[in-house]
Amino acid sequence: MNKWFVTMGVWLGSILLAYGLNTRARLALAADTVRPGDTILAGVVLDMNPGWHTYWRNPGESGMATEIKWSLPEGVEAGAIRWPVPDYYDADGLVTYVLHDQAVLLVPLTFASQLPAGRLQIEADVSWLECEVQCVPGNAVVEATILVGEERKPSADAPLLDHAESRLPRDGASLNAVGVWERSPEDDHRALLLEWAAQGDTGTVRFFPYGSEGWEIQPQMERLPVDKSRVALRASVRSFDGEWPTRVAGVIAQDGGQESFEVQLDIGNDDSQLPAAADTPARPSQGGLALHLLLALGGGLILNLMPCVLPILSLKVLSLVRQSGNSAGERRRHGIVYTLGVLVSFWAIGGLVIAGRLASWGEQFQDPRFIIAVTVLMTLVSLNLFGVFEVVLPGSAVTGATQLASREGAGGAFFNGVLAVVLGASCVAPLLAGAVGWAISKPPLVIFLVFTMIGFGLALPFLLLSFFPSLQRLLPKPGAWMEKFKMAMGFPMLATAAWLLSQTTIHFGAAGPLWVGLFLVFLALALWIHGEFIQRGGKRK
């Protein structure tokens, strides 16, 4: 038996190790030796496993652009990232702009003319979001050395960087690209027509817009039937502050990205120059509301199975077991109040989306305060389930999460619903990406309905058990096993806290898990002292 446990531990450890290696980063320099005053190309090379991707400078409807933070010696300056042409990635209606396989992010490095001869250390902290079905933040510190001398000498990576540079978008001034508003704004959306001169056989055409703070161009665009010498697209622009752009910039990719051009389009209000495009019937509004509401409901149901939410649902079910002697009306009241706590929390998240303060499900991982807060919360819940300390709410003293569930009043049930949503925010259900990503670009009412369905899906299992006593007959009878089960539920919470702890490297560097981990150790020690000597009345307080 011991040998079996060791084998399983090694197997699980190898899986977890492989799971963290979906994207590998390194720093490539175009030269081994440079002269003072030279400018060379540096490249952050991202090698991704098959099926995985990272994100372009404008990630689209979800995701996070890769960031590079340089640590350079005095006299060396880094320019802006020169991005390769992205791929158009549609995952059940959620469109993002991604980079697959190998991506080289080029950055010019300029060496001051007064630099003395000698060896220099070039270093950068690179952070990205890597996705397959679910998304995982990644981080690496990359470095390289270069010699300042009298003669410039290319490096072994020079051909790789030259090839990457040759694939960059060309200047698109010759395309004579223009933009025209097709009609007046409708709420926070407005139709925009884009047109430019065709360059040979255009094949598949995409326009990848650069990002902006006050507005965004929706990725879903319609190609319009115009003369073969021209290419026209209809896009939808969403404004966050009521202001509309007078110029847009981005990359036009033709023939599947084989030809690409960087363009800036001045936008006018006179559509007389675009008769064919303007006369084309307007694109119908995106349908499938019912389908996406069902996806949202399914995503909420799946959220119950996530390791950070399953313990809360399990303990709520245990509360029903303990309350078997209570009236049916009392059990139903708890189910309704729990559901209300879940819905109110999701309505709050939907309000942030409507207000433009939250752009995607999972964006919370970009905020270090969220990661720290949820890591602490997961640790607290784990310690509580292990019996290290007790949670005392006004009006009811509860010992552990199980007793909270069994002795709670309306306030406790509502609190458990809120807690389930807070913990669920640290999980990513696959079906939620499509539903939430689709809803974010829609009117407020649609956003409200989608988040309501997610919340209803999360609360539905407990609500059904509360209202249908016949289903409760499937539950086991109360007994000593419940205390052991409660403690067992602490381990998935602790595992989630460990995973969240690893994400602190994105914001605090390699030392982040150490310092946050030490804080959690001292916090656990304080809670043990409080629980053992204060709450349980030790003799030597």
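Is Cys-131 buried or exposed? Cys-131 is buried, at 2% relative accessible area. Buried means under 20%, exposed over 50%, and partly exposed in between (1.4 Å probe, protein chains only).

## Basis

This is a predicted model: local features need pLDDT of at least 70, side-chain atom pairs count only at pLDDT 80 or more, and totals for chains, interfaces and linings use all residues. Residues are numbered from 1 along each chain as its sequence is written, and side-chain values use heavy atoms, with hydrogens and water left out.

## Disulfide

The whole structure holds 1 disulfide, a term for a pair of cysteine sulfur atoms within 2.5 Å. Cys-131 and Cys-135 form the pair, S to S 2.0 Å. The S-S torsion is about 115 degrees, so the disulfide is right-handed. Cys-135 is partly exposed, at 27% relative accessibility.

## Helix H4

Helices (H or I, at least four residues) are DSSP runs, numbered from the N terminus. H4 covers residues 289–303. Its 15 residues should span 21 Å at 1.5 Å a residue, and the end C-alpha atoms are 21 Å apart, which agrees. The expected span is 1.5 Å times one less than the number of residues. Buried residues of H4 include His-292, Leu-293 and Leu-303.

## H7 against H16

Residues 368–385 form H7 and residues 512–535 form H16; their axes come within 11 Å and cross at roughly 35 degrees. Axes are lines fitted to C-alpha atoms, for helices over the stretch in contact, with angles from 0 to 180 degrees between N-to-C directions.

In H7, the contact residues include Ile-372, Val-376 and Leu-383; in H16, they include Phe-519 and Leu-527. Contact means heavy atoms within 4.5 Å.

Terms used. Helix = DSSP H or I, 4+ residues; strand = E, 2+ residues; numbered from the N terminus.
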